[in-house]
Amino acid sequence: MKPVSILMYHSIDICPKNLGNRGIYVSPQNFSRQMGLLARLGFQGLSMTRAMPYLTGKKTGRVAVITLDDGYEDNIFHALPVLKRYHFSATCYLVSHYMGRHNKWDEHIAHSARKPLMNWRQASEWLSNGMEVGAHSRTHPRLTNCSDVELKNEIAGCRKELEDGLGTAIPQFCYPYGDWDQRVADAVEQAGFHAAAAYKHGRVKADSHLFALPRLNMKGSKGWRRFIFNCLASL
């Protein structure tokens, strides 16, 4: 199969100065330029589920998978209109216990920004506009540090909360911090997910692990140059 790029975003917003977690930001202007470049190069931007035939080698084509981790509220304000403009779809991975709250898992980082997360109404708006919601655990822990009972609560529990709250199936999972091992991957598969996105840098190839799919991190101020390189390498 031809390698497929899964692009990883977090916050689509202007990054304040002197932040400890500034790597999660891509500016709205850069995100718009990046999606526009994909369109001009003939790429179709897809959510994880819509991309599954390409990720498993059943179909080929010029596609890029668009994912956004954590479910920041700015994804609704800044990412959604751009995605709709180019008729793209994307998967936003939500932390179910913190819906409508903030990124509590970043509080240990010095000078980190307290960022609002999507609430249930906004997540429904995301879905109603043709996008996908995925699971990103209940509380965003390092899953390899969890006991078996905690793993079930974080993984299967997240899926149940999202499905009950949004009234739709949640087939996709993403590891918080990209932290996984075989025990964690097995728990994700046993919970009924179809695939899981990891943090490992690279493109999806024929031998990629379906429950540890590599992605390309579009973080920070170098995101634009990195994006151009990744697009050209995918042609």
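Trainee: In which hand does H1 pass H3, right-handed or left-handed?

Mentor: H1 passes H3 in a right-handed crossing. A crossing gets that name if the near helix is turned clockwise from the far one by less than a right angle, and left-handed if anticlockwise. Helices here are DSSP runs of H or I with at least four residues, strands are E runs of at least two, and both are numbered from the N terminus. Before we go on: this is a predicted model, where local features need pLDDT of at least 70, side-chain atom pairs count only at pLDDT 80 or more, and totals for chains, interfaces and linings use all residues. Residues are numbered from 1 along each chain as its sequence is written, and side-chain values use heavy atoms, with hydrogens and water left out.

Trainee: Why is H1 called roughly parallel to H3?

Mentor: Helix H1 (residues 28–40) and helix H3 (residues 74–85) pack at an angle of about 20 degrees, with axes 10 Å apart. Axes are lines fitted to C-alpha atoms over the stretch in contact, and angles run from 0 to 180 degrees between N-to-C directions. Angles under 35 degrees count as roughly parallel, over 145 as roughly antiparallel, 65 to 115 as roughly perpendicular and the rest as oblique. So H1 is roughly parallel to H3.

Trainee: Which residues of H1 and H3 meet?

Mentor: Pro 28, Phe 31, Ser 32 and Met 35 of H1 meet His 78, Ala 79, Val 82, Leu 83 and Arg 85 of H3, where contact means heavy atoms within 4.5 Å.

Trainee: What makes Glu 132 count as buried?

Mentor: Buried means under 20% relative accessible area, exposed over 50%, and partly exposed in between (1.4 Å probe, protein chains only). Glu 132 has 9% relative accessibility, so it counts as buried. Glu 132 lies in strand E7 (residues 132–135). Beyond four places in sequence, its contacts include Ser 47, Thr 91, Trp 126 and Leu 127.

Trainee: And why is Leu 127 called partly exposed?

Mentor: Leu 127 has a relative accessible area of 22%, so it is partly exposed. Leu 127 belongs to helix H4 (residues 120–128), and among the residues it touches are Val 133 and Leu 166.

Trainee: How do you know that the radius of gyration of the protein agrees with a compact globule?

Mentor: The radius is taken over C-alpha atoms, and the globule rule is 2.2 Å times the number of residues to the power 0.38. With 235 residues, a compact globule would come near 18 Å; the protein has 16 Å, which agrees. Its C-alpha trace spans about 45 × 45 × 30 Å along the principal axes.
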